[in-house]
Amino acid sequence: GLTFQGPSGPSATAQWSDDLGTTWSSAGISEQVLEQTATDELVKASLPITAEDGKKFLRLKVEQETAP
């Protein structure tokens, strides 16, 4: 799993890959908000892995919001 804290909203996405290559996906990842305040939240992202899956790598993709 991956636990992260940041501003509330869709600015960070947990993603996984089989080989650290260029293909990353968020499919199958479940996110649970552990704590939330008016400005930020603590999120736990989980990805089920079986013995047949082999290795899985997780990353946190953070996007900066642009001003209008």
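A polar contact is a pair of N or O atoms within 3.5 Å; within protein, one atom must be able to donate a hydrogen and the other to accept it, and residues adjacent in sequence count only if both atoms are side-chain atoms. With that in hand, the side chains of Gln15 and Arg59 are joined by a polar contact of 2.8 Å.

A word on the source: this is a predicted model, where local features need pLDDT of at least 70 and side-chain atom pairs count only at pLDDT 80 or more, while totals for chains, interfaces and linings use all residues. Residues are numbered from 1 along each chain as its sequence is written, and side-chain values use heavy atoms, with hydrogens and water left out.

**The chain as a whole**

Of the 68 residues, 22% are buried, meaning under 20% relative accessible area, against over 50% for exposed and partly exposed in between (1.4 Å probe, protein chains only). Taking contact as heavy atoms within 4.5 Å, 59% of the contacts between residues at least 6 apart in sequence join residues at least 24 apart.

**Gln15 in strand E2**

Gln15 sits in strand E2, residues 12-17. Why is Gln15 classed as buried? Because its relative accessible area is 11%. Beyond its neighbours within four places in sequence, Gln15 is in contact with residues including Trp24, Ile29, Phe57 and Arg59.

Glu41 is buried yet has no salt bridge, and the nearest side chain of opposite charge, Lys44, is 16 Å away. For a salt bridge, a side-chain nitrogen of Lys or Arg must lie within 4 Å of a carboxyl oxygen of Asp or Glu. Glu41 does have a polar partner, as the table shows.

| Side-chain pair | Polar contact |
|---|---|
| Gln15 and Arg59 | 2.8 Å |
| Glu41 and Gln36 | 3.3 Å |

Leu42 counts as buried because its relative accessibility is 18%. Neighbours within four places in sequence aside, its contacts include Phe4, Val33 and Leu34. Leu42 and Lys55, by contrast, are 13 residues apart in sequence and 26 Å apart in space, C-alpha to C-alpha.

Conventions
Lys, Arg positive; Asp, Glu negative; His and termini not counted. Helix = DSSP H or I, 4+ residues; strand = E, 2+ residues; numbered from the N terminus.
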